[in-house]
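Please walk me through this protein model, step by step. I am new to reading structures.

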Amino acid sequence: MNAVMQSGLDEAVKLYAKGRFDDAFRSLETLAEAGDSNAQAWLAALYANGEGVEADLRLAFEWYEKAARQGHTQAQTNLGALMLSAHETLHNEADGVRWIAIAAENGDPFAQANLANLFAKGRGMRQDDAAAAQWYRRAAEQGHYPSQARLGFSYATGRGVERDRVQAFAWLSLAAQHGVGSALNALENVLSDMSVEEKRAGASLFEQWRSRTTTGTSPARLMPLAG
């Protein structure tokens with residue numbers, strides 16, 4: 001992106017942050033039509049959420065797809081989620097899974113969490129608890145706390161991984177500090193079976209990962225797929 005377009009995008013994002021959605025929409029539309037993938041992803045989000053414009057999932061789909069085909073990772077995630085959650089003509093499970101897998105491989109923790117959910121459910125692919133746990137871990141290590149909870153549950157129950165109370169303690173603690181109530185309940189159960197040495201090891205592992213947090217979520221994301 002050239003300096004002029006970057007400046008325009010920055011200004012549009014500032015307008016959005018101030019709640020001036022109409023002005024943000026007009027600025028983003030101009031940039032998106034000029035081919036900027038970041039503006040296209042933002043414009044898609046505005047259409048998806050009805051901010052500054054009447055909500056229109058079909059137009060959201062079109063702009064997400066334009067950005068996704070240019071390699072915009074978050075647009076790839078949202079496009080896949082839209083394909084999997086939308087009704088009728090926009091629904092395309094095979095392509096939805098494919099876009100989420102692309103975004104997951106490109107490092108987006110939200111896509112990684114969605115892909116893990118798909119493996120866990122066997123939706124659009126063969127059910128595979130081990131693959132689900134691997135993708136939950138990749139998202140968890142980036143600070144995606146719902147995945148930290150899922151990974152902790154996996155270690156606590158031995159689903160897809162070898163049962164490990166130390167790992168379960170660390171990942172459930174990380175999720176619990178973000179207010180995931182189910183993680184706190186599971187953590188209490190794990191703690192009741194842990195030795196003093198295991199608690200120390202778990203606390204040490206927790207400290208190693210506690211500073212990891214996910215990056216900002218703008219442009220706005222679609223709701224994640226249900227786990």
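Start with where the model comes from. This is a predicted model. How far can it be trusted, and what mean pLDDT does the protein chain have? The average is 91. Of the residues, 93% score at least 70. The lowest mean pLDDT among the elements belongs to H1, at 90. The highest belongs to helix H8, residues 129-140, at 97. One caution applies to any prediction. Where pLDDT is low, the coordinates should not be read in detail.

Now take in the whole chain. How many helices and strands does the protein chain have? There are 12 helices and 0 strands. Read from the N terminus, the order of elements is α-α-α-α-α-α-α-α-α-α-α-α. The C-alpha atoms fill a box of roughly 60 × 35 × 30 Å along the principal axes. The chain has 227 residues, and 46% of them count as buried. Next, look at contacts between residues with a separation of 6 or more. Residues 24 or more positions apart account for 54% of these contacts.

Find H1, residues 3-17, and H3, residues 37-49. Their axes come within 11 Å and cross at roughly 25°. Angles under 35 degrees count as roughly parallel, so H1 is roughly parallel to H3. The crossing of H1 past H3 is left-handed. Which residues of H1 and H3 make the contact? H1 supplies Leu 9, Val 13 and Tyr 16. H3 supplies Asn 38, Ala 39, Trp 42 and Leu 46. By class, the contact holds 6 nonpolar residues, 1 polar residue and no charged ones.

The second pair sits further along the sequence. It joins H9, residues 145-157, with H11, residues 181-191. These two helices pack at an angle of about 25°, and their axes are 10 Å apart. H9 and H11 are therefore roughly parallel to each other. Their crossing is left-handed. On the H9 side, the contact is made by Ala 149, Phe 153 and Ala 156. On the H11 side, the residues are Ser 182, Ala 183, Ala 186 and Val 190. This contact divides into 6 nonpolar, 1 polar and no charged residues.

Stay with one residue of that contact. Ala 156 lies in H9. Is Ala 156 buried or exposed? Its relative accessible area is 17%. Buried means under 20%, so Ala 156 is buried. Leave aside its neighbours within four places in sequence. Ala 156 then contacts Arg 163, Ala 168 and Val 190. Val 190 belongs to H11 and takes part in the helix contact. Ala 116 gives another reference point. It is 40 residues from Ala 156 along the chain, and their C-alpha atoms are separated by 17 Å.

Finish with Glu 93. Glu 93 is in helix H6, residues 93-105. Its relative accessible area is 29%. What does Glu 93 touch, not counting residues up to four places away in sequence? The partners are Leu 84, Arg 123 and Gly 124. Tyr 145 lies 52 residues from Glu 93 along the chain. The C-alpha atoms of Glu 93 and Tyr 145 are separated by 26 Å.

Conventions
Residues are numbered from 1 along each chain as its sequence is written. This is a predicted model: local features need pLDDT of at least 70, side-chain atom pairs count only at pLDDT 80 or more; totals for chains, interfaces and linings use all residues. Side-chain values use heavy atoms; hydrogens and water are left out. Axes are lines fitted to C-alpha atoms, for helices over the stretch in contact, and angles run from 0 to 180 degrees between N-to-C directions. Helices (H or I, at least four residues) and strands (E, at least two) are DSSP runs, numbered from the N terminus. Angles under 35 degrees count as roughly parallel, over 145 as roughly antiparallel, 65 to 115 as roughly perpendicular and the rest as oblique. A crossing is left-handed if the near helix is turned anticlockwise from the far one by less than a right angle, and right-handed if clockwise. Contact means heavy atoms within 4.5 Å. Ala, Val, Leu, Ile, Met, Phe, Trp, Tyr, Cys and Pro count as nonpolar, Asp, Glu, Lys and Arg as charged, and the others, Gly among them, as polar. pLDDT is the predictor's confidence in each residue, from 0 to 100. Buried means under 20% relative accessible area, exposed over 50%, partly exposed in between (1.4 Å probe, protein chains only).
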